Amino acid sequence: VALVGQLRVTAARQSLASTTQSFEKLSDRLMAMSREELDAAKAQADGRLAFLRRAVSGRISATEKLDALAKLLPEGMWIQELRYEHQLAQGQPGAGAVSLDVTGACFLSGEEGQELNTISAFVARAKADPAFFKGFQTGRLEHTALKSLERRQALITYRTFEVQFRTDRRS
């Protein structure tokens with residue numbers, strides 16, 4: 001245990017020495033700059049910081065969306081495929097096209113014909129949920145299809161669907 005502690009202390013000291021050395025080099029470079037050069041460097045750093053702040057504030061978190069989506073799924077519905085795409089607009093933080101395509105299926109035993117109502121209600125709840133719909137402008141049911149398969153000599157019918165959520169923040 002003492003050896004592990006010593007290794008950690010040694011690694012921390014090396015990291016501190018490296019950081020201190022970097023600051024000393026930066027300090028030397030800054031001391032050699034004229035006031036005009038310092039002002040230009042500060043303006044450039046301020047511009048980069050503002051860009052990063054806008055990018056972070058305008059981001060859409062895929063993790064938050066997936067968490068909200070999982071909570072929205074009703075009993076008897078499952079997701080077969082997700083496609084998430086975020087195309088950034090060059091030079092414009094937080095801008096760009098965002099799309100999420102949800103492909104899935106719904107089977108409600110003993111409730112024939114209720115799958116379409118359940119899928120439609122799911123889309124409506126997704127559009128009304130701020131945690132999920134934030135950043136999207138549209139959400140629509142693209143298509144559904146009635147499918148069937150035979151299991152143990154019984155015909156089982158279920159409905160597949162594709163829902164598309166979109167935004168286009170180019171400005």
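Student: Which residues is Phe 122 in contact with, once its neighbours within four places in sequence are left aside?

Tutor: In this predicted model, Phe 122 is in contact with Leu 69, Leu 72, Leu 73, Pro 74, Met 77, Phe 161 and Val 163, and each of these counts as a contact because heavy atoms lie within 4.5 Å.

Student: What makes the group around Phe 122 a nonpolar core?

Tutor: The name applies to a set of buried residues of nonpolar kinds, Phe among them, joined through side-chain atoms within 4.5 Å. The largest such core has 19 residues, and Phe 122, Phe 132, Phe 136, Phe 161 and Phe 165 are those with the most contacts inside it. The elements that give two or more residues to this core are α3 (62-72), β2 (96-106), α4 (114-128), α5 (130-133) and β4 (154-169). In soluble globular proteins, nonpolar side chains tend to be buried together.

Student: Why is the pair Arg 83 and Glu 162 called a salt bridge?

Tutor: The closest N and O atoms of Arg 83 and Glu 162 are 3.0 Å apart, and the limit is 4 Å between a side-chain nitrogen of Lys or Arg and a carboxyl oxygen of Asp or Glu, so the pair qualifies. Arg 83 lies in strand β1 (residues 77-88) and Glu 162 in strand β4, so the pair ties together parts that are 79 residues apart in sequence.

Student: How do you know whether Glu 162 and Arg 83 are buried or partly exposed?

Tutor: Glu 162 has a relative accessible area of 12%, and buried means under 20%, so Glu 162 is buried. Arg 83, at 33%, falls between the 20% and 50% limits and therefore counts as partly exposed.

Student: What makes Arg 166 and Asp 101 a pair that links distant parts of the chain?

Tutor: Their side chains meet in a salt bridge at 2.6 Å, N to O, with Arg 166 in strand β4 and Asp 101 in strand β2, 65 residues apart. Asp 101 is buried, with a relative accessible area of 9%, whereas Arg 166 is partly exposed at 27%. Both residues belong to a network of salt bridges that also links Glu 81, Arg 83 and Glu 162.

Student: Why are Asp 46 and Lys 42 said to be separated by about one helical turn?

Tutor: They are four residues apart in helix α2, which means about one helical turn between them, and their salt bridge has its closest N and O atoms 2.8 Å apart. Lys 42 has a relative accessible area of 51%, and exposed means over 50%, so Lys 42 is exposed, while Asp 46, at 40%, counts as partly exposed.

Key:
Residues numbered from 1 in each chain as written. Predicted model: local features only at pLDDT ≥ 70, side-chain atom pairs only at ≥ 80, totals over all residues. Heavy atoms only, no water. Buried < 20%, exposed > 50% of the residue type's maximum accessible area, 1.4 Å probe, protein only.
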